Amino acid sequence: MRTHAQAVVIGGGVIGCSILYHLAKLGWTDVVLLERDELTSGSTWHAAANIHGLHDSTNISRIQHYTMNLYNELEEETGQSCGVFQPGSLYLAQTEDREHQLRLQAAKAKFYGMNFHEVSVAEAEKLHPLVNYDGIRCIMFEPDGGNVDPSGVTNAYAIGARQRGAEIIRFCPVTATAQQPDGSWIVETPKGNIRTEWVINAAGLWGREVAKLAGITLPLLPTEHQYFVTETIADIAAMDRRLPSVADRDGEYYLRQEGQGLLVGAYEKDVRFWAENGTPQGFGHELFADDLERIEDNMMRAIDRVPAVGEAGIKRVINGPMIWSPDSNVLFGPHPDVRNYFCCNGIIPGFSQSGGMGLMAAEWITKGESTYDMFAWDVARFGSWADAQFTKARVGDQYAHRFKIHFPGEEREAGRPVRVRPVYDMQRDMGAVFGLNYGWEHAAYFDADVPDSAGFTRQTWFDSVGREAKMLRQSVGIIDISNFAKYVCKGTGAESWLNAVFANRMPQAVGRSCLTPLIGINGGIAGDFTVTRMAEDEFWIIGSGMAERYHQRFWAMVPLPEGTSFESRTDRWCGFNIAGPLARKALQTLTNTSLETADFPFMRSKWLEVAGVTCLALRVSFTGDLGWEIHCKEEDQQVVYKALLEAAASLGGGPVGSRALMSLRIEKGYGSWGREYSPEYWPQEVGLDRLIKHDKDFLHKDSYLAVKDNPSREVLSLIHITGVSNADATGGEPIFLPDGTPVGRVTSGTYGYSAGMSLALGYLKDTPAGTEVDVMILGKPHRGVVLAEPPFDPKGERLRA
């Protein structure tokens, strides 16, 4: 066994072997995989191993498409059969919402050149004559869908990795992982120790236990999951071809051919958790006792749809464990709290994602950043607030609603509230309906008489949100922005450190602010921040709240000078945005400091006494309107909020929620990190290149210089959608020219209430202002036109008034 390696992968399931294979394929051949038992032990060996390409997330669709195409290549490369069956997959829609979802996925497939299209009932009956299509509104067919052999795929990855020089050691449990002062790791095993640059936790059911060896807690919890295989069905035995799988997600089951029978699996409402206090070390290829009564309702729906299921006997039942994260997505990426520790844990559709997941992991480890923005999977999306109680509640909800549509902007109640601010009860009493942002409860809108709902079309809260947006534009609104990330950098080296991190030059005068990008490893946008100089040696930094742990990795890339500190104050400080044409008048009633433009211009800051409380006031507003951000200590939040609301009410204003803020910022054409701003996009594509100072060094400057003169691949643009009546873009919708040429995709969409138009921000290729386009809202073309400027305050006159 080697004593040194570039990387050690812990876990010999399909994901661990894929990561090992892709590391070797990218040139890291001095790599080792350690498996406590036999390859595929745990969850891999008993997986149903279905494969499909389309997902609601564009980047996950790309990853799944790569994976499906890889299996045949892997067979040819290694000589190991992956047991690939690709008779296709039929997707059935029983509801209008499911039809919208499938049509949107079909539009994405057309945009990205994937094979997924609608078929008629007659065509579907030819493809799968055993299905009863009564009550089906829409049928999509994915010709490349199917299933693979779990053991075959895992061993193909293993063989491919070995062929490139990687080493796999079975029956070798890891007993300790100890980080050294230089950042490297010692991985201890009964067969000897390995010193390595990277530890990769792909331990599946034992991901929690392996993480604890490094002092890490991961929000994961296993459940039982059942599927069964029928005896031979005569109609199938008589066929000379394999039947396509059936995705009847409204029926809450999945179904495909297995041998000459059918395999049926279900995610039932009666969730059974397993090994809550830790996965047993001796567990390997065991299964649980059958308990088909739990999935009886799902089985009956499957029988109604495919009567042959009910006519055949049951050949075998598989009831085995799966391990879940709170949102059923993988916990992926370098852990923010330790160096060179990569997580890949909590994977559910492993055989649809294994290839792309392995490739993205290998890219991130060997190159520092993956090709695609994978924040939807990033382990940094959860913090310590995602405790055992929250994880159990969310995992139970995810399992029981596995096939429920995840609507844009949907808020699920399980496990909440987790983190609340002092004004939470006050907002609730005012009628607030809450959303969740990085564990924090935040007001989405204020109208308790209109319960929250989610869908692809405009919801019942549409008018309530509209009233808030119009109120702010006409008078003044108060928005709780406490979930923004807040940092303070102090000390003699503060300015030099911030200049070494950010691409813009830090403000020279006390009381001045600047906007600045953070450049990613490949030269894209890793973040956008407002930096304010509060004193000669003190700076305040405001950024995206949900990205706080993500950005933690970047802060660690530049050593802090001696005598300099950098700390987060997000938990201890709160904030409000007071905005609108009467914002100055309202705020002036609460402070003796002059707020006139000459005394307090745009992009300036001051310490103010607001209702007797010392607050940091920044003359900025994400609404694009006249406004200030007012930041105060958490213990003062209630006093400040009450005073701001009373001042606003006296002028016809009031509280405004996050959904109205979405409308307001899009009317101004403002991008948002995680939607418009992403490491995938270069500064010149998002309009932030003007903020980059070339005459100083900053983090990843060389990467930026390598791309700065490249022509924009796509340009962030604002679209007025004219042909819409009951729905708006939400994000992810493909955009075509009227002749069908694909030109871009939506990143954010909403109705602009004060502008009186449906709007979408998105990236477009070679599509200048004035061009007519078709935006695929609900999967159907809706005519729009590219705008030359935002409809609200295009010259910034209100903003700077």
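This is a predicted model: local features need pLDDT of at least 70, side-chain atom pairs count only at pLDDT 80 or more; totals for chains, interfaces and linings use all residues.
Which ring does the charged end of Arg473 sit over? I looked it up: the ring is that of Phe792, with the charge 3.5 Å from its centre. My criterion was NZ of Lys or CZ of Arg within 6 Å of the ring centre and within 35 degrees of the ring normal. I found Arg713 with its charged end over the ring of Trp682, 3.6 Å from the centre.

Residues are numbered from 1 along each chain as its sequence is written, and side-chain values use heavy atoms, with hydrogens and water left out.

Next, aromatics. I searched the whole structure and got 47 aromatic pairs (Phe, Tyr and Trp rings, the six-membered one for Trp, with centres within 6.5 Å; planes under 30 degrees apart are stacked, over 60 edge-to-face, the rest tilted). I picked Phe342 and Trp364, which are edge-to-face at 5.8 Å centre to centre and 80 degrees between the planes. Phe342 belongs to strand β18 and Trp364 to helix α10, 22 residues apart (DSSP runs: helices H or I of at least four residues, strands E of at least two, numbered from the N terminus). Both Phe342 and Trp364 are buried, meaning under 20% relative accessible area with a 1.4 Å probe, protein chains only.

Last, a sheet. I traced six strands in the order β28-β29-β30-β27-β21-β31, open and mixed (strands pair with at least two DSSP bridges). β28 and β31 are at the edges with a single partner strand each, so one side of each has no neighbour in the sheet. I counted six bridges between β28 and antiparallel β29, and saw Trp607 opposite Leu616 in β29.

How values were computed. Buried means under 20% relative accessible area, exposed over 50%, partly exposed in between (1.4 Å probe, protein chains only).
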